[in-house]
Structure formats: C-alpha cells, structure tokens
Amino acid sequence: MKGYRTVRAASEIELVVQKSRFIGRCFPVTAEDEALAHLERIRKQHWDASHNCYAYVVREGGKARYSDDGEPGGTAGLPMMEVLKARELADLLVVATRYFGGVLLGAGGLVRAYSKTAAQAVNAAGAIDMIPSARYALRMSYPLWGRLESKVLGGEWGRVMPDAPQYAEDVTVEVVVPEDEGDAFVRAAIEASDGKVAPQAVGRSFAAWDAPAADDEMD
C-alpha cells in the first residue's frame with residue numbers, strides 16, 4: 001500500500017475580495033458520488049450565487065475534476081485544482097461560492113481570489129497523512145498492564161494510536177503503528193515486558209497521522 005495525504009474534516013471559510021463574497025468549503029470524500037452529492041447540496045443552498053466553482057481529487061477510479069461554473073476559462077476551477085496538486089492532496093472536494101460584488105476582478109484577480117479561497121479552506125480542514133499501518137493486539141496481566149500502561153497510552157513506542165483497553169480476565173488493547181515502525185514496536189514491547197507480551201499482528205489499513213502544515217502564500 002502507498003500512503004496519501006488528505007484532509008481531516010469539513011471546513012468553511014469566507015473572504016471578501018473587491019466587494020465580491022467568496023465562501024470556501026472543503027470536504028473529505030472517498031468516492032466521486034460523495035463529492036457530487038456535496039456539490040449538489042451547495043448548489044441548492046446557494047442557488048442565487050453568481051458561481052459555484054469546484055475541484056476534487058478522488059483516488060477511487062483516479063478521478064480529478066474541476067469547473068469554472070461560468071467564470072472565464074481557467075480562472076477558477078483550474079487554480080483551485082492547482083492548490084490541491086501542489087499540496088499532493090487526494091480524496092477531497094473544494095467548492096468556492098462567489099457572490100459578485102459589482103467590481104470586475106480581471107483574469108489575474110480571479111485566479112488569485114479562487115486560489116486563496118481554496119488554500120484557506122484546505123488550511124481550515126487540516127491536512128493529514130494516511131499512512132500504511134499495522135494493527136497489533138496486546139494481551140497482558142493486570143500487574144503487567146500497570147507497568148506498561150503509560151508506554152502504550154503515552155505513545156513511548158513511537159506513533160502509536162491506541163484503542164480503548166478491554167478489561168476482562170486480562171487486559172487487551174489494540175494499537176496501530178506505521179508499518180515501517182512495526183518491527184521496532186514489537187521488539188520494544190517484548191523487551192519492556194520481559195518477554196511476557198508478544199504483539200500479534202491482526203490487520204493492515206491506512207491510519208491518519210498529522211501532516212506538516214502547508215504555508216499559505218495567498219494570505
């Protein structure tokens with residue numbers, strides 16, 4: 001599996017450029033139908049807007065689409081798509097709704113306004129890296145859990161994302177570790193438990209880890 005970068009959550013921002021009101025929205029999506037459903041909802045909500053321009057990239061099917069929605073060609077959807085490409089983002093939709101304020105922005109002004117709207121919406125959504133990760137199950141006695149709890153829940157073994165522990169006859173917990181840190185995690189768990197805990201691999205998936213913040217040159 002190859003990792004990818006997306007956004008954490010939906011976002012909404014607003015800015016005014018030369019009396020035109022721009023509303024930027026960003027959504028995490030995993031399928032084109034999901035992106036189109038968000039877009040249709042926004043079009044209905046803002047039926048009176050001058051334009052509802054968009055750009056989306058969906059890994060499923062390799063879909064990448066954008067629209068100027070009536071703005072001069074290449075001044076809205078394409079600049080928004082360039083923001084997504086520059087940040088190497090996937091599985092997201094960005095929509096920029098414009099209410100015309102009576103002042104013509106010109107081609108360059110439109111490109112800057114739509115780029116800024118997309119960039120700020122993405123910033124507000126928060127970038128995350130979806131990393132190929134391995135899930136491990138740990139089972140241990142209560143006394144041993146007392147020794148190791150801080151290591152498991154405190155992340156001392158690396159970028160570990162714990163599920164809630166299950167308390168029964170013994171304590172069981174599953175942790176998710178980036179695949180390239182899996183061997184080190186297993187060795188650390190065995191060493192810390194004096195060989196009494198042997199993490200069992202129980203699956204692989206993508207897991208979210210924070211991505212470095214992108215500079216917004218449009219601010």
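Predicted model: local features only at pLDDT ≥ 70, side-chain atom pairs only at ≥ 80, totals over all residues.
Biologist: Which residue has its backbone oxygen 2.7 Å from a polar atom of the side chain of Ser11?

Modeller: Ser11 belongs to strand S2, which covers residues 11-17, and at 10% relative accessibility Ser11 counts as buried. Setting aside residues up to four places away in sequence, Ser11 touches Gly24, Arg25, Cys26, Ala121, Ala124 and Ala125. The residue whose backbone oxygen lies 2.7 Å from a polar atom of the Ser11 side chain is Ala121.

Biologist: Is Cys26 buried or exposed, and how many disulfides does the structure hold?

Modeller: Cys26 has a relative accessible area of 0% and is therefore buried, and Cys53, likewise with a relative accessible area of 0%, is buried. The sulfur of Cys53 has its closest cysteine sulfur in Cys26, 16 Å away, which is too far for a bond. For Cys26, then, the answer is buried, and the number of disulfides in the structure is 0.

Biologist: Which strands and which helix do the buried residues of H2 pack against?

Modeller: Helix H2 spans residues 77-86, and its buried residues are Gly77, Pro79, Met80, Met81, Val83 and Leu84. In an α-helix there are 3.6 residues a turn, so residues three or four places apart point the same way. The buried residues of H2 pack against strand S4 (51-58), strand S5 (63-67), strand S6 (92-99) and helix H3 (106-125).

Biologist: How many residues apart in sequence are the parts that the pair of Tyr136 and Phe185 ties together?

Modeller: A search of the whole structure finds 5 aromatic pairs, and one of them is the tilted pair of Tyr136 and Phe185, with 5.3 Å centre to centre and 50° between the planes. Tyr136 lies in strand S7 (residues 127-140) and Phe185 in helix H5 (residues 182-192), so the parts that this pair ties together are apart in sequence by 49 residues.

Biologist: What is the angle between the planes of Tyr142 and Tyr167?

Modeller: Tyr142 is partly exposed, with a relative accessible area of 37%, and Tyr167 is partly exposed as well, at 48%. Tyr142 is part of helix H4 (residues 142-154), whereas Tyr167 is part of strand S9 (residues 166-167). Their rings form a stacked pair, 6.3 Å centre to centre, and the angle between the planes is 25°.

Biologist: Where does the charged end of Arg59 sit?

Modeller: The charged end of Arg59 sits over the ring of Phe206, 5.4 Å from its centre. The charged end of Arg59 also sits, 3.7 Å from the ring centre, over the ring of Tyr4.

Key: Residues numbered from 1 in each chain as written. Heavy atoms only, no water. Helix = DSSP H or I, 4+ residues; strand = E, 2+ residues; numbered from the N terminus. Buried < 20%, exposed > 50% of the residue type's maximum accessible area, 1.4 Å probe, protein only. Polar contact = N/O pair within 3.5 Å; in protein donor to acceptor, adjacent residues only side chain to side chain. Contact = heavy atoms within 4.5 Å. Disulfide = S-S within 2.5 Å. Phe/Tyr/Trp six-rings, centres within 6.5 Å; stacked < 30°, edge-to-face > 60°. Lys NZ or Arg CZ within 6 Å of the ring centre and 35° of its normal.
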